[in-house]
Amino acid sequence: MRVFLTGATGFLGEYLLQELLQRGHSVWCLYRQPAKRWDTVRFLSGSGLPRQSADLHWVQGDLMEVADRWPEWTAASPGLSDVDTLLHCAASMQLHLDSRGEPLRTNAGSAGVLQRVLQLQPMQAHLISTAYVCGRVEGGFVREELHPRGDFVNVYEESKWEAERLWSGQATLLRPGIIVGDSVTGRCTSFFGWYIFMQAVHLLSRLTGGEAEGQPFDLQLGLPVNADSTMNIIPVDYVAQAAVRIIENRDNHRGIFHLTHPDPPTYQQTLNFVKERFHLDGIQLLGTAARLEMKPRNDLEQLVYRQMESIMAYFGNNPVFLRDNTDRVLPDMKPPDITSGLMNRWLDHAIDNDWGQ
């Protein structure tokens, strides 16, 4: 394929770029900041890819100006006019609407911009979405199909649903779960979702001395989640490998695919891991009908309580994502088991890198 890749310098984008190059495709990468470009080049070099390649090209500009500048770019970048594939990974990760209109501006607004590009140069279009475009689903199954407007946990999910609605019938929809670090190295550059909860627990552990030897610290913390519910975390390298394998086959184009984990850890398994990793105790899972319960004993615990309170809404949305389409086209490709060893690898990297601060 000859691919125009948006979001190439983002966390998932880097892995998509790596996978495309390793499988012999030519890629034109849209980027804004030279520093981010060089970070991505160093990442590729670290994985054994050359810093310069006849298959790797860079186009500097803003996502929202792609259509206006496309004639200029194709004239200045040899081969861009022959690109046959659009892989749209760029996205705003803003959870709540801000004064600039993000994340709706980027995640939904880019659809119109890129569709104008396709009128100038026909391409097969593929969109990185999210499995959580389903909205809030309690205890149900989610199929690989278009969803009606749901009760969204945040504006990010709504913006991705809007994007899917605008791309419907024109693009392959690739829906990852909650993306976490590399399954081999633990590497991560975007600490959202699962990491926010783990960061809060890590902070509590440091404040209470829970990481030291001795009696586990009693947190006196009740979480409004069901013990057997799951948070669908998925390694970034699996998402990239599966996405590229899917779009390589024209029979899959314009389909919908869940890039999710078939057996994600339950909250009880996660709680058991937290107790062992951080030497903490006194955490109870109260069920989604309950409210977050904690008895802060000082200002620092109050600060952690507020952080956890802000993310609790995400713990009540735990559907089971069916993977019929993905399993049919990738029968030999399964995500790695999420073991305590793998979760420790992710956390070691996050803590060593100060949670991306």
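## A tour from the tail end inward

Select aspartate 354, which lies in the segment after helix 12. You are looking at a predicted model. Aspartate 354 has a phi near 50°, a positive value in a residue other than glycine. Why does that deserve a look? Most residues other than glycine have a negative phi. Is aspartate 354 buried, partly exposed or exposed? Its relative accessibility is 44%, so aspartate 354 counts as partly exposed.

**Zoom out: the whole chain**

The chain has 12 helices and 14 strands. Its radius of gyration is 21 Å, close to the 21 Å that the globule rule gives for 357 residues, so the chain is as compact as a globular protein of that length. Along its principal axes, the C-alpha trace spans about 65 × 45 × 40 Å. Of the 357 residues, 54% count as buried. Residues 24 or more positions apart account for 82% of them.

**Stop one: helix 7 and helix 12**

Select residues 194-208 for helix 7 and residues 340-352 for helix 12. Their axes are 11 Å apart, and they pack at an angle of about 70°. Angles from 65 to 115 degrees count as roughly perpendicular. Helix 7 and helix 12 are therefore roughly perpendicular to each other. Helix 7 brings Trp194, Tyr195, Met198 and His202 to the contact. Helix 12 brings Met343, Trp346, Leu347, Ala350 and Ile351. By class, the contact of helix 7 with helix 12 has eight nonpolar residues, one polar and no charged.

**Stop two: helix 7 and helix 9**

Helix 7 passes helix 9 in a right-handed crossing. On helix 7, pick Phe197, Met198, Val201, His202 and Ser205. They meet Thr270, Phe273, Val274 and Phe278 in helix 9. The contact of helix 7 with helix 9 has six nonpolar, three polar and no charged residues. Met198 and His202 belong to the contact with helix 12 and also to the contact with helix 9.

**Stop three: histidine 279**

Step on to histidine 279, in the loop between helix 9 and strand 12 (280-285). With 22% relative accessibility, histidine 279 counts as partly exposed. The cut-off for buried is under 20%.

**Stop four: helix 3 and helix 5**

Select residues 66-76, helix 3, and residues 109-120, helix 5. Their axes come within 8 Å and cross at roughly 35°. In helix 3, find Val66, Ala67, Asp68 and Trp70. They meet Val113, Leu114, Arg116, Val117 and Leu120 in helix 5. The contact of helix 3 with helix 5 divides into seven nonpolar, no polar and two charged residues.

**Stop five: proline 103**

Go to the loop between strand 4 (85-88) and helix 4 (104-107), where proline 103 sits. Which residue does a cis peptide bond join to proline 103? The partner is glutamate 102, and omega is about 10°. Most peptide bonds are trans.

**Last stop: serine 129**

Finish in the loop between strand 5 (124-128) and strand 6 (141-142), at serine 129. Its relative accessibility is 4%, so serine 129 counts as buried. What does serine 129 touch, not counting residues up to four places away in sequence? Select Lys160, Glu164, Leu174, Arg175 and Pro176 to see.

Methods: Residues are numbered from 1 along each chain as its sequence is written. This is a predicted model: local features need pLDDT of at least 70, side-chain atom pairs count only at pLDDT 80 or more; totals for chains, interfaces and linings use all residues. Side-chain values use heavy atoms; hydrogens and water are left out. Axes are lines fitted to C-alpha atoms, for helices over the stretch in contact, and angles run from 0 to 180 degrees between N-to-C directions. Helices (H or I, at least four residues) and strands (E, at least two) are DSSP runs, numbered from the N terminus. Angles under 35 degrees count as roughly parallel, over 145 as roughly antiparallel, 65 to 115 as roughly perpendicular and the rest as oblique. Contact means heavy atoms within 4.5 Å. Ala, Val, Leu, Ile, Met, Phe, Trp, Tyr, Cys and Pro count as nonpolar, Asp, Glu, Lys and Arg as charged, and the others, Gly among them, as polar. A crossing is left-handed if the near helix is turned anticlockwise from the far one by less than a right angle, and right-handed if clockwise. The radius of gyration is taken over C-alpha atoms; the globule rule is 2.2 Å times the number of residues to the power 0.38. Buried means under 20% relative accessible area, exposed over 50%, partly exposed in between (1.4 Å probe, protein chains only).
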